[in-house]
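Take a look at the model below.

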Amino acid sequence: MENILGRKQSIKNEDWLAAVGRIEELVSRAELHKLFSDIERYFPGKHQRKVAKSYRNFYLSAMQIIDDKELKHFYESLMGGDPKLRNLRAIYHHVYSKYNIAAKEECNNG
């Protein structure tokens, strides 16, 4: 898979906007599985590999409840760089908050 989204500073603004505009069709779960199956190849730096492994661990634990919008944000954060894992924490909070709300509604209605 080619690196469609990198750090915003590394590509032209027009290219960045075009890629973000069609990210839903570019990002799939299969692409993430491919990235995570060969972390050393797609993430050359030591810290990049550490961040990618953190993203992989979260993805594997939440892959059943993460939706396409969150998947898009997940991919953008992973490929754009998230050295302090701030975006990962935000995605984690959003995914599990949504899951908890849905579970409470199901318990109250069921």
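A residue counts as buried when its relative accessible area is under 20%. This is a predicted model. In helix α6, the buried residues are Glu70, Leu71, Phe74, Tyr75, Ser77, Leu78, Met79 and Gly80.

Start with the helix itself. α6 covers residues 68–80. Its 13 residues should span 18 Å at 1.5 Å a residue, and the end C-alpha atoms are 18 Å apart, so the two agree. At the start of α6, a side-chain oxygen of Asp67 comes within 3.4 Å of the backbone nitrogen of Lys69. After α6 comes Gly81, with a positive phi near 100 degrees.

Next, the core. The largest nonpolar core holds 22 residues, and Leu32, Phe74 and Leu78 have the most contacts inside it. Helices α3, α4, α5, α6 and α7 each supply at least two residues of this core. α5 gives the most, with 6 residues. Beyond its neighbours within four places in sequence, Leu32 is in contact with Tyr59, Leu71, Phe74, Tyr75 and Leu78.

Now the charges. The model has 2 salt bridges. Asp67 pairs with Lys98, with the closest N and O atoms 3.2 Å apart. Asp67 sits in the loop between α5 and α6, Lys98 lies in helix α7, and 31 residues separate them. Lys98 also forms a salt bridge with Glu70, at 3.3 Å from N to O. Lys98 is in α7 and Glu70 in α6, so this pair ties together parts 28 residues apart in sequence. Shared partners join Asp67, Glu70 and Lys98 into one network.

How exposed are these residues? Glu70 counts as buried because its relative accessibility is 5%. Asp67, at 31%, counts as partly exposed. Lys98, at 32%, counts as partly exposed.

Key
Residues numbered from 1 in each chain as written. Predicted model: local features only at pLDDT ≥ 70, side-chain atom pairs only at ≥ 80, totals over all residues. Heavy atoms only, no water. Helix = DSSP H or I, 4+ residues; strand = E, 2+ residues; numbered from the N terminus. Expected span 1.5 Å × (residues − 1). Buried < 20%, exposed > 50% of the residue type's maximum accessible area, 1.4 Å probe, protein only. Polar contact = N/O pair within 3.5 Å; in protein donor to acceptor, adjacent residues only side chain to side chain. Core = buried A, V, L, I, M, F, W, Y, C linked by side-chain atoms within 4.5 Å. Contact = heavy atoms within 4.5 Å. Salt bridge = Lys/Arg side-chain N within 4 Å of Asp/Glu carboxyl O.
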